[in-house]
Amino acid sequence: MVVPRGQEHQPPQEVETREDEEQNIKLTEILELLVAAGYFRARIKGLSPFDKVVGGMTWCITTCSFDIDVDLLFQENSTIGQKIALTEKIVSVLPKMKCPHRLEPHQIQGLDFIHIFPVVQWLVKRAIETREEMGDYIRSYSISQFQKTHRLPEDDEFLQRKEKAIKTVTDIFEVYKPQRKYKRQKGAEELLDEESKVHATLLEYGRRYGFSRQPGKTEQAEDKKIALPPGLAAAGKAEPCDEDDLQAAEELRIKTLMTGMAAMATEEGKLTASTVGQIVGLQSDEIKQIVSEYAEKQSELSAEERPERLGAAQQHRRKVASLNKQILQKNKLLEELQAKCTDLQAKCTEAKKTLTEVKSYSEKLDKELAALETIESQADSSILQSLRALVAMNENLKSQEQEFKAHCREEMERLQQNIENLKAEAVENAEEQEPNKIIEQQYKTEKDKLQKIRLLLARRNREIAILQRRIDEVPSRAELTQYQKRFIELYSQVSATHKETKQFFTLYNTLDDKKVYLEKEVNLLNSIHDNFHQAMASSGSREQFLRQMEQIVEGIKQNRMKMEKKKQENKMRRDQLNDEYLELLEKQRLYFKTVKEFKEECRKNEMLLSKLKASSS
């Protein structure tokens, strides 16, 4: 390189750094995107930009839950080979994820943040969308996992109330289920119309339905199907006469149906509510007539006192005694029911107290939940999601820890029991101590052998690790190709800078020479102008002046001849260097052709070796 003359007066050169500033801006934008997405390792100042960016891209791809057969294990401070392999894996993953932006491995390796930025922006957007989609699923899964091992007070209260409610419902069904009280006799008259069959079936189960209304009645009258009891019918004399006639006909019909029925065997000796209703349902005139007949018969019995009437009196007394016994039983049952009622009232008061306590506790929990919701609305959603996931993980780990501790306790108790049993057997069988000693000696020897084998295995593992590190230090073909690309790019940049600097030096030297010649010319013209009038004053000085001028012209011609000669020499040298350059270009083309053929042969060799291994296996 030619050193410029007058370099000490050269002004400082301004170097344009626009591209580096843009790279730094894009790097800061990428780190801000990663931190906003949740990759907080990008804040660590000790990591290099490559580790931050590649770690963030790996984290985003892992967060997207994309099902691909690529191992994206990221390690910080990796070797160049590991970095190149990782960048190639990332670049191969992006098209499978349908990334709209193209990226090359050397751009990631060379930290070309301008081209990396759109890819990172798309990955962050995809990761946020995936996390939002998985949020509801993770939340429902955590709730289900929580409900497997834990229950809230509301759930316990619901289970208790559920059992009581089911029991109450079943008891009510048992109490109020339909019971058959009458049964038609075998010799009874057969019913022909369907309405009589329906009424007879209802009477068998203790139900009485009223007469049918005329079609001219109102809707309200048609809905009231249940007839009034005959005893109350006399009180309603204001009703029309045709209704009384129909009611009397219906009562007569019910009586005729009841004549063909007999009480069930289970109902003998019991005075049921339906029987009482039937007795009360009779007309008052008929009741008075029956009372008078009963009085006449009683007087006849007392007057005559026949022997055949004694059986009926005894039967009547027995019925009265049985009825008295039933009354006593019902009174006892009433007392028991009253006692149960008092107990249920006490339990009801206790339940009300617990209900008020639960309500106050529920209100307190609602207030705390409202406060937590306000705090949650003010907090960062990503932090809350991470905290929820951590809380669920903590609860799961606690439950697993408790289960593991319980299992360990059981295992310890079992082992202690086994030890005690073995000790008891050893005490009982003192003669078996010698075989035990032999077994212990064999155990010690085997243990020593195992320790030696473990030491040998550890030594072998260390040797394998050292060899693996040595193998990793040797660059592979992909690394050499990457090195070659980077060196070619660096060489092109250095050659361009060198050429530009050389041009600047040549321009500077040319302009400096031009300046020197111009200064000499100006000085010469100034000296000619100053000495012209003095030289023209006399003939001798004029001749001397002309001779000096001729000498100056001759010197200029000689300098011109020298410069022409130097120009010709430089031209010849340029032609010679151009020829050498063309020869080198031809050699370079031959080199590239040879390398290409060599790569093709290597590929063929690898294919043949793989086929040979496949055929041998």
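The structure is a predicted model, in which local features need pLDDT of at least 70, side-chain atom pairs count only at pLDDT 80 or more, and totals for chains, interfaces and linings use all residues. Residues are numbered from 1 along each chain as its sequence is written, and side-chain values use heavy atoms, with hydrogens and water left out.

**Overall make-up**

- The protein chain has 17 helices and 2 strands; helices (H or I, at least four residues) and strands (E, at least two) are DSSP runs, numbered from the N terminus.
- Of the 617 residues in the protein chain, 14% are buried. Buried means under 20% relative accessible area, exposed means over 50%, and partly exposed lies in between, with a 1.4 Å probe and protein chains only.
- The protein chain exposes about 51000 Å², and carbon and sulfur atoms supply 57% of that area. Accessible areas come from the Shrake-Rupley method with a 1.4 Å probe; for residues, only the protein chains shown count as cover.
- Among contacts in the protein chain with a separation of 6 or more, 64% are between residues 24 or more positions apart. Contact means heavy atoms within 4.5 Å.

**Helix packing**

- Two packed helices are described by the angle between their axes and the distance between the axes. Axes are lines fitted to C-alpha atoms, for helices over the stretch in contact, and angles run from 0 to 180 degrees between N-to-C directions.
- Angles under 35 degrees count as roughly parallel, over 145 as roughly antiparallel, 65 to 115 as roughly perpendicular and the rest as oblique.
- The axes of helix H16 (residues 477–535) and helix H17 come within 14 Å and cross at roughly 175°, so H16 and H17 are roughly antiparallel to each other.
- On the H16 side, the residues that meet H17 include Tyr517, Leu524, Ile528 and Phe532. Their counterparts in H17 include Phe545, Met549, Ile552, Ile556 and Met563.
- Helix H3 (residues 80–96) packs against H16 at an angle of about 90°, with the axes 10 Å apart; H3 and H16 are therefore roughly perpendicular to each other.
- In this second pair, Ile80, Gly81, Gln82, Ile84 and Glu88 of H3 meet Ala478, Glu479, Gln482 and Tyr483 of H16.

**Salt bridges**

- The whole structure contains 8 salt bridges. A salt bridge is a side-chain nitrogen of Lys or Arg within 4 Å of a carboxyl oxygen of Asp or Glu.
- One of them joins Lys405 to Glu401, with the closest N and O atoms 3.4 Å apart. Both residues lie in helix H14, 4 residues apart, about one turn of the helix.
- Lys405 counts as partly exposed at 41% relative accessibility, and Glu401 is likewise partly exposed at 41%.
- Arg414 forms a salt bridge with Glu411, where the closest N and O atoms are 2.1 Å apart. Because Arg414 and Glu411 are 3 residues apart in helix H14, about one helical turn separates them.
- Arg414 is partly exposed, with a relative accessible area of 42%, and Glu411 is partly exposed at 27%.
- In helix H17 (residues 539–616), Arg589 and Glu586 are 3 residues apart and so separated by about one helical turn. Their side chains meet in a salt bridge (2.6 Å, N to O), and Glu586 is partly exposed at 46%.

**Surface patch on nonpolar side chains**

- Ile383, Leu387, Leu390, Met393 and Leu397 make a nonpolar surface patch of about 480 Å². Patches are made of residues with over 30% relative accessible area and no salt bridge: like charges are joined within 9 Å, and nonpolar side chains (Val, Leu, Ile, Met, Phe, Trp, Tyr) within 5 Å.
- Leu397 lies in helix H14 (residues 381–428) and is partly exposed, with a relative accessible area of 48%.

**Individual residues**

- Val53 is in helix H2 (residues 49–63) and is buried, with a relative accessible area of 2%.
- Not counting residues up to four places away in sequence, Val53 touches Leu27, Ile30, Phe113 and Ile116. The C-alpha atoms of Val53 and Leu27 are separated by 8.4 Å, although the two residues are 26 residues apart along the chain.
- Leu111 has a positive phi of about 55° although it is not a glycine. Leu111 lies in the loop between helix H4 (105–109) and helix H5 (113–149), and is partly exposed at 27% relative accessible area.
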